[in-house]
Amino acid sequence: MLARRSFLIACFALLSALAGHCASAATLDEYAVKAAYLYKLGSYVRWPAKDPPKVMTLVIWGDYPNEETLKSFAAAKINGLPVQVVRIEKLEQAGIPQMLFVAGETEADRARLQAAVKKYRGQPVLILSDAPTSVEDGASVFLARVEETIKFELNVTAATNAGLSFDARLQKIAYKLHRPTTMVGMP
């Protein structure tokens, strides 16, 4: 009886450890998918033609647990340009990137997103976030967790205000598309 109880306790401990490992793997897989989206989405965005950059700079700000995944994409190109991934602790370190991903879903992360939107208002910076309030806070792209998958929402208004545009193909496959509403009969 004691041997059976010890065996059950050992099995439970093993299953608990495996469940914890799987939860960590799920988080890493989620961020691997988000990293792939960051690179792929950039290929379907049009930046203003004046002063084209020589390098596509992708800045990561906030809690992003899988930096190795981002580094693995460093050999990739966005719009034919080599990609430089930069991780920052403070917004002042960002310069004026082409893409800025504000990671995290806490109130502090939301404050970071709002600060980034304010700083880059009217500048050609694609701001992406995975916070649930991304669209209302002014991000151009929201990477949403929907059930067991990652999908993206596009905020056309925010992109247009930044001087950016989304390719029509990208708009067709977006999970949600946020456009400015026009009222009938209004000038």
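Mentor: Start with Arg 112, whose charged end sits over the ring of Trp 61, 5.8 Å from the ring centre. This is a predicted model, in which local features need pLDDT of at least 70 and side-chain atom pairs count only at pLDDT 80 or more, while totals for chains, interfaces and linings use all residues. Residues are numbered from 1 along each chain as its sequence is written, and side-chain values use heavy atoms, with hydrogens and water left out.

Trainee: What makes Arg 112 count as sitting over the ring of Trp 61?

Mentor: The rule asks for NZ of Lys or CZ of Arg within 6 Å of the ring centre and within 35 degrees of the ring normal. Arg 112 is at 5.8 Å. Lys 34 also lies over a face, that of Tyr 31, at 4.6 Å from the ring centre.

Trainee: Why is Trp 61 called buried?

Mentor: Buried means under 20% relative accessible area, exposed over 50%, and partly exposed in between (1.4 Å probe, protein chains only). Trp 61 has 7%, so it counts as buried. Trp 61 lies in strand E2. Beyond its neighbours within four places in sequence, its contacts (heavy atoms within 4.5 Å) include Leu 91, Phe 101, Arg 112 and Ala 116.

Trainee: How do you know that E2 and E4 pair?

Mentor: Two strands pair if DSSP finds at least two bridges between them. E2 (residues 56-62) and E4 (residues 81-88) have 6 bridges, in the parallel sense. Ile 60 has Arg 87 in E4 as its bridge partner. The strands themselves are DSSP runs (E, at least two residues), as are helices (H or I, at least four), numbered from the N terminus.

Trainee: What makes E3 and E4 a pair?

Mentor: E3 (residues 77-78) and E4 have 2 bridges, in the antiparallel sense. That meets the requirement of at least two. Ile 78 stands opposite Leu 81. The two strands form a hairpin with 2 residues between them, and Asn 79 in the turn has a positive phi of about 55°.

Trainee: Which label does the pair of Tyr 37 and Phe 152 get, and why?

Mentor: Rings of Phe, Tyr and Trp (its six-membered ring) pair if their centres lie within 6.5 Å; planes under 30 degrees apart count as stacked, over 60 as edge-to-face and the rest as tilted. By this rule the count is 1 aromatic pair. Tyr 37 and Phe 152 are 5.6 Å apart, centre to centre, with 65° between the planes, and form an edge-to-face pair. Tyr 37 lies in helix H1 (residues 2-42) and Phe 152 in strand E8 (residues 149-155), so the pair ties together parts 115 residues apart in sequence. Tyr 37, at 21%, counts as partly exposed. Phe 152, at 4%, is buried.

Trainee: How do you know that Asp 130 has a polar contact with Lys 34?

Mentor: A polar contact is a pair of N or O atoms within 3.5 Å; within protein, one must be able to donate a hydrogen and the other to accept it, and residues adjacent in sequence count only if both atoms are side-chain atoms. The side chains of Asp 130 and Lys 34 are joined at 2.8 Å. The side chain of Asp 130 also makes a polar contact with that of Tyr 31, at 3.2 Å. Asp 130 is buried, at 2%, in the loop between E6 and H4.

Trainee: Where is confidence under 50?

Mentor: pLDDT, the predictor's confidence in each residue from 0 to 100, stays under 50 over residues 2-25, for which the model has 0 contacts beyond four places in sequence. The mean for the protein is 81.
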